[in-house]
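User: Hi! Could you walk me through the strands and helices of this one?
Analyst: Happy to, here it is.

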Amino acid sequence: MAAIFRHILQTPPPPSSSFPRPASSSPSSTLLSRPSCIRAASSPMDIHNQASKIKFTDFPYVSAPHRNLMVDLVSTLETRLGSELLPCTLPPDVQYYQNETGTNHASLHIRSGLASSPVDFILGSWLHCELPTGGALNITSLSSYLNQTTDAPNFLLELIQSSPTSLVLILDLPPRKDLVLHPDYLQTFYQDTQLDTPRQRLDKLAEAKPYFSSALYIRSVVSPTAILVRIEAEADGQGQSLEEIIENHVGPIAKEVLGIWLDQCACGKREVEEDERAYLKKRDDLIKRKTIEIDLGSNFPRLFGPDAADRVLGAIKEVYRV
């Protein structure tokens, strides 16, 4: 889920005047209007009925290029790993959930790996929150965790959009070993794969600036090649639109990094000895617990109410096994 969820929700958005409502033909209009398939639910049965109509891969609140990128990444991941994954078995009211007023909506998708697979699970989500000062916050995320039979890095992608012209991108293969103590790990997964090249390409984009999470812990767990950028597109139409940047720059880089992860990590056939697995489990579990503690535990009850928060956090804790 959102690695900078807490920071984004506590950061005031620009004044409402900076969130002009685009014409209905504009791709960005999906950020500010509720899709016709979604309405405020009046009962648990109503939410169940909506959940049967709304799919995780609908990504209903984001622009077409953003949606297409997420669908392509999910499809690539599940196609490549499909034979190693179990079906999603989350209940309908966890796959899709909302608050009582219908201002906040979210979807969760989890598929666990087979016992014989190095994949622990894949987790995808989208979240839409209407902001009290105007506009909306939209977060789409996709991550994949490996189990203790391998020490290869995990995969993390998040796109966090708080206005039609502003996007935060987090894209990384978070390491699962200390890079100072294990320089061969740094060489194998970050230098030999030239994983810093996509980051360097994005750094050359005029609209992209470095993004720094307010949580020091978050900064400590990403890799040296992590892409953490804030993209600010021109609102006057003089430069590239955010949709064009996603389609022409963010998308190709995200697909390239996912390809590296699939080839070198998920399918790299790198195994560890039995005595190393206890260390990996301890480190993996600590990061999972911190993810819930820092990002989700305090925000979900406030955004969706205690009942929905308990259901969703319970499902995440179950797959995290923490």
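Analyst: Keep in mind that this is a predicted model.
User: Nice. Which residue in β8 is the bridge partner of Leu169?
Analyst: That would be Val229.
User: And what is the strand order in the sheet?
Analyst: The order is β1-β2-β3-β4-β5-β6-β8-β7, in an open sheet of eight strands with antiparallel pairing.
User: Which are the edge strands?
Analyst: Those are β1 (96–98) and β7 (208–210), each with pairing on one side only. From one strand to the next, the twist averages 15°.
User: Which strands does helix α10 touch?
Analyst: Helix α10 (residues 299–320) packs on the sheet and touches β1, β2 (104–112), β3 (119–130) and β4 (136–146). The direction of α10 makes about 5° with that of β2.
User: Switching topic: how do α6 and α8 cross?
Analyst: Helix α6 (residues 196–203) and helix α8 (residues 242–266) have axes that cross at roughly 170° and come within 10 Å. Angles over 145 degrees count as roughly antiparallel, so α6 is roughly antiparallel to α8.
User: Which residues make that contact?
Analyst: From α6, Pro198, Arg201 and Leu202; from α8, His249, Ile253, Glu256 and Val257.
User: How does the contact of α6 with α8 split by class?
Analyst: Four residues are nonpolar, one is polar and two are charged.
User: Great, thanks!

Technical notes:
Residues numbered from 1 in each chain as written. Predicted model: local features only at pLDDT ≥ 70, side-chain atom pairs only at ≥ 80, totals over all residues. Heavy atoms only, no water. Pairing = 2+ DSSP bridges. Helix = DSSP H or I, 4+ residues; strand = E, 2+ residues; numbered from the N terminus. Axes fitted to C-alpha atoms, helices over the stretch in contact; angles between N-to-C directions. Contact = heavy atoms within 4.5 Å. Parallel < 35°, antiparallel > 145°, perpendicular 65-115°, else oblique. Nonpolar A, V, L, I, M, F, W, Y, C, P; charged D, E, K, R; others polar.
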